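Subject: Structure handover

Hi,

Here is the structure I said I would pass on. Please open it alongside this email, and my notes follow below.

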Amino acid sequence: NTANPMKVLTTVKTKKQLTALYLSQYSEKNVRTYINDIIAQYRPNAINSKNISLQEFLTFVELYGTPEGYTLSDELQHEIKNRKLKV
């Protein structure tokens, strides 16, 4: 039984993409709550934003882990190490 090769995760730019990645682990409602909390930390005045910044996405990954079946691209791993994330 060979393990499935990991898919390399590159940037995610919308909440919809983020939710789709994490549906096997969290409910849609929870993913939205988590990402909205993160957006509020970085952009307190953002209301109903559909897009997420790279920093917000990386913070989500840092807090909730990489989605099942994925590995972060080298570039994203580098970004996580070098950015000051609010976690």
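Contact here means heavy atoms within 4.5 Å. Keep in mind that this is a predicted model.

Start with helix α3, residues 54-64. Its buried residues are E56, F57, L58, T59, F60 and V61. What covers them? Among the elements over the buried part of α3 are β1 (7-9), α1, α2, β2 (70-72) and α4 (74-82). Just past the end of α3, G65 has a positive phi of about 85°.

Now the rings. There are 7 aromatic pairs in the structure. Take Y26 and Y64: their ring centres are 5.9 Å apart and the planes stand at 80°. Planes over 60 degrees apart count as edge-to-face, so this pair is edge-to-face. Y26 sits in the loop between α1 (15-22) and α2 (28-42), while Y64 belongs to α3, so the pair ties together parts 38 residues apart in sequence.

Are these two tyrosines buried, exposed or partly exposed? Y26 is partly exposed, at 22% relative accessible area. Y64 is partly exposed as well, at 25%.

Y64 also pairs with Y34. That pair is stacked, with 4.2 Å from centre to centre and 15° between the planes. Y34 lies in α2 and Y64 in α3, so this pair ties together parts 30 residues apart in sequence.

Ring pairs join Y22, Y26, Y34, F60 and Y64 into a cluster. One of its members, F60, is also among the buried residues of α3.

Best wishes

Methods. Residues are numbered from 1 along each chain as its sequence is written. This is a predicted model: local features need pLDDT of at least 70, side-chain atom pairs count only at pLDDT 80 or more; totals for chains, interfaces and linings use all residues. Side-chain values use heavy atoms; hydrogens and water are left out. Rings of Phe, Tyr and Trp (its six-membered ring) pair if their centres lie within 6.5 Å; planes under 30 degrees apart count as stacked, over 60 as edge-to-face and the rest as tilted. Helices (H or I, at least four residues) and strands (E, at least two) are DSSP runs, numbered from the N terminus. Buried means under 20% relative accessible area, exposed over 50%, partly exposed in between (1.4 Å probe, protein chains only).
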